[in-house]
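User: Please examine the model shown below and answer a series of questions on its surface, its core and its charged pairs.

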Amino acid sequence: MARLAAAALALGLLTRVGVAAPAAARPGAGLFVAGTQWTYQVVQIDDVPVERHGRTGWTSQRQPTLRVRCEVAEAVQLGSARASWITCDEAFEASGGMPTPAGVWVANDQGIYHVAPARDAVPGLGVVLATTGRPILAASPRAGTTKHTTVHDGVVIEQVTRRGRDGWCVERDARTPRYGEGTLAQTCFRAGGGLTAGRYAYLSGFPYRVRFTVVRD
């Protein structure tokens, strides 16, 4: 039995192995279809300190563009919810709160949840952790802006926007109002499809920005 199914079974979460027929119009439904593959283009820009005339300034350095392949390695039915385990090339690993297609995804009647991968991660535990917080995107999303608090980020401003005719994007702004430090993350989904784009900005210490977009699905 595959890792996600075995772990979920051990935790008493698994009802049957397989894939529920996702609602065709539901954003991110493709994340739960085993065997589905995507290719992403990933761009990272680092801000690095530079000494000029006795003063420290900053300059932006663009890293080599990557092409990364991701695949739904496993998908299981957990009662009325669905869960999947998505793997990507090793080059595309999450850093901090950076959005990434890889990891455990769960969809239930509340929305879509995600736990980014970690080395030696237990997929079944990821299912439990994923649904302990707020969904990334509600099952029936509505455009608008909300403010809420989290244990680690403090106040987070969340903005949901429509992207084209069949897409939705969610932006989470965890920057401090006074200094602008913190993180800014965005994930975009297509109805009936998967994760189409994402971006992440780390704006503390040594800042960097990462952006990925799907180029083949």
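Analyst: Accessible areas come from the Shrake-Rupley method with a 1.4 Å probe, and for residues only the protein chains shown count as cover. This is a predicted model, in which local features need pLDDT of at least 70 and side-chain atom pairs count only at pLDDT 80 or more, while totals for chains, interfaces and linings use all residues. Residues are numbered from 1 along each chain as its sequence is written, and side-chain values use heavy atoms, with hydrogens and water left out.

User: What percentage of the accessible surface of the chain belongs to carbon and sulfur atoms?

Analyst: The accessible surface of the chain comes to about 11,800 Å². The part that belongs to carbon and sulfur atoms is 51%.

User: How many helices and strands does the chain have?

Analyst: Helices (H or I, at least four residues) and strands (E, at least two) are taken as DSSP runs, numbered from the N terminus. On that basis, the secondary structure of the chain comes to two helices and 14 strands.

User: What percentage of the residues of the chain count as buried?

Analyst: A residue is buried under 20% relative accessible area, exposed over 50%, and partly exposed in between (1.4 Å probe, protein chains only). The chain has 217 residues, and the share that counts as buried is 43%.

User: Which residues have the most contacts inside the largest nonpolar core?

Analyst: A nonpolar core is a set of buried Ala, Val, Leu, Ile, Met, Phe, Trp, Tyr and Cys residues joined through side-chain atoms within 4.5 Å. The largest such core has 25 residues. Strands that each supply at least two residues of this core include E2 (37–52), E4 (66–78) and E14 (208–216). Those with the most contacts inside the core are Leu31, Ile86 and Trp105.

User: With which residues is Ile86 in contact, leaving aside its neighbours within four places in sequence?

Analyst: Contact means heavy atoms within 4.5 Å. With those neighbours left aside, the partners of Ile86 are Leu31, Trp38, Cys70, Glu71, Val72, Ala73, Pro101, Ala102, Gly103 and Trp105.

User: Which residue forms a salt bridge with Arg209, and why does the pair tie together parts that are 162 residues apart in sequence?

Analyst: A salt bridge is a side-chain nitrogen of Lys or Arg within 4 Å of a carboxyl oxygen of Asp or Glu, and a search of the whole structure finds three. Arg209 has its closest N and O atoms 3.0 Å apart from its partner, Asp47. Because Arg209 lies in strand E14 and Asp47 in strand E2, the pair ties together parts that are 162 residues apart in sequence.
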